[in-house]
Amino acid sequence: MRLNGEISSGGEEEEEETTTFSGQKVVVGYALTSKKKKSFLQPTFTTLARNKGIHFVAIDLNKPLPEQGPFDIILHKLSGEEWREIIEDYRQTHPEVTILDPPDAIQHLHNRQSMLENVVDLNLSDCHGKVDIPRQLIISKEEDPSSIPYEVTKTGMKLPLVAKPLVVDGSAKAHELFLAYDEFSLSELEPPLVLQEFVNHGGLLFKIYIVGETIKVVRRFSLPNISKRELSKFSGVFRFPRVSSAAASADDADLDPSIAEHPPRPLLEMLARELRHRLGLRMFNIDMIREYGTRDVFYVIDINYFPGFGKMPDYEHIFTDFLLGLVQSKCKKKPTT
Ligand SMILES: Nc1ncnc2c1ncn2[C@@H]1O[C@H](COP(=O)(O)OP(=O)(O)OP(=O)(O)O)[C@@H](O)[C@H]1O
Ligand SMILES: O=P(O)(O)O[C@H]1[C@H](O)[C@@H](O)[C@H](OP(=O)(O)O)[C@@H](OP(=O)(O)O)[C@H]1O
Ligand SMILES: [Mg+2]
Ligand SMILES: [Mg+2]
């Protein structure tokens, strides 16, 4: 936290100088795409934050980062190696600034294989339910697409399969997903890919948002179950839209309780605590589905860094509290001279 007047000028969000009741202010530098800025820095949020002494300042990517600030916190989500190096260097030279989150930790989520490894390692099988990941096969860039059907058959994976680009780099292409009804058509797709068994889940997905210690679960519509009959009727690969990312929530829909009942809280707390720790991230979400016909068998299918928090109910309060909490805990840790 810095005392009133210490802030440098020039940030586009800065309007008037407001401080917390203690006369201190928190400066949050941000490096976000314009899409993310629009969805995250909504006026309801920035106004509430400003009233609590939090000021958002845009980082100028055309100027050296160490010449900007001073910042208490930096929020960032930009793709590319260049930014990664800038923020990593800054993190090393400015340990007093909280970087949300460390670039190496984020990098772990840029690959759909490494993303889910921690869930497997957790081995959550007796914690108010079972959490696993769907059976999956990685098809590397070097692999000849014509060998995919053989590779799939060899593993004994069950159809249908979801084919996902291996790398998640912030591009729209990284979210181009396909449903494959037969293994032969998979040769049409371009590796590197992750092939995942499609798990029937009653068309409903749980998005578990994690912001520091806070866990918030929302329900979203997802792909419907695929019956054996349907599977036998079709063949081919079909591109499907970003169903679960749509703004429409399934929270108010009249759904079958056996499908819609939230995963048990102790299970979510354990999962969030462990993943927060193992991933080294404080702001992410987990896409989780319940296997259709079961009460407590869950699969994690996706983990996203700095997702669409603007769609999370009450995100304004959750984030202002989170940001204030970060600087307060940092102040407490400072040795007294
Ligand atoms: N193994 C699976 N079984 C059943 N449905 C799945 C599976 N994998 C993905 N889906 C469906 O496809 C959707 C998109 O998959 P996924 O979340 O992996 O992609 P994404 O592009 O990373 O999404 P996001 O927009 O959340 O980043 C899921 O929300 C779910 O509806
Ligand atoms: O909150 P959920 O439903 O999980 O979906 C998010 C995706 O997972 C994120 O990848 C999107 O952010 P980016 O466009 O910065 O990757 C993010 O974009 P947004 O922040 O512009 O809404 C969302 O689409
Ligand atoms: Mg997802
Ligand atoms: Mg994702």
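Helices (H or I, at least four residues) and strands (E, at least two) are DSSP runs, numbered from the N terminus. This is a predicted model, where local features need pLDDT of at least 70, side-chain atom pairs count only at pLDDT 80 or more, and totals for chains, interfaces and linings use all residues. Side-chain values use heavy atoms, with hydrogens and water left out.

**Exercise 1.** Find the element that gives the largest share of the shell around ligand 2, and describe that shell.

*Solution.* 
- Step 1: Start with the neighbours. Ligand 2 has 14 residues around it, and K35, K36, K207, R220 and G308 come nearest; a residue belongs here if one of its heavy atoms lies within 4 Å of the molecule.
- Step 2: Look at the side chains. An N or O atom of the K35 side chain is 2.6 Å from an oxygen atom of ligand 2, and for a polar side-chain atom of K77 the distance to an oxygen atom of ligand 2 is 3.1 Å.
- Step 3: Check the cover. On its own ligand 2 has 510 Å² of accessible area, and the protein covers 88% of it (Shrake-Rupley method, 1.4 Å probe).
- Step 4: Sort by element. Both α1 and β11 give two or more residues to this shell, and α1 has the largest share, with three residues.

**Exercise 2.** Work out whether K36 is buried or exposed, and what K36 is in contact with.

*Solution.* 
- Step 1: K36 sits in helix α1, residues 34-40.
- Step 2: Apply the cut-off. Buried means under 20% relative accessible area, exposed over 50% and partly exposed in between (1.4 Å probe, protein chains only). K36 comes out at 11%, so it counts as buried.
- Step 3: List the contacts (heavy atoms within 4.5 Å). Neighbours within four places in sequence aside, K36 touches L41, K77, F306, P307 and G308.
- Step 4: Turn to the record. An unreviewed UniProt entry lists K36 under "binding site", along with K77, H175, K207, N304 and G308; such annotations may be inferred rather than shown by experiment.

**Exercise 3.** Trace how K207 and R242 meet ligand 1, and say which strand gives the most to its shell.

*Solution.* 
- Step 1: K207 lies in strand β11, residues 204-211, and is buried at 6% relative accessible area.
- Step 2: A polar side-chain atom of K207 is 3.0 Å from an oxygen atom of ligand 1. For an N or O atom in the R242 side chain, the distance to an oxygen atom of ligand 1 is 2.7 Å.
- Step 3: Ligand 1 exposes 620 Å² when taken alone, and the protein buries 96% of that.
- Step 4: β15 gives the most to the shell around ligand 1, three residues.

Technical notes
Residues are numbered from 1 along each chain as its sequence is written. Chains are lettered from A and ligands numbered from 1 in the order in which they are written. A polar contact is a pair of N or O atoms within 3.5 Å; within protein, one must be able to donate a hydrogen and the other to accept it, and residues adjacent in sequence count only if both atoms are side-chain atoms.
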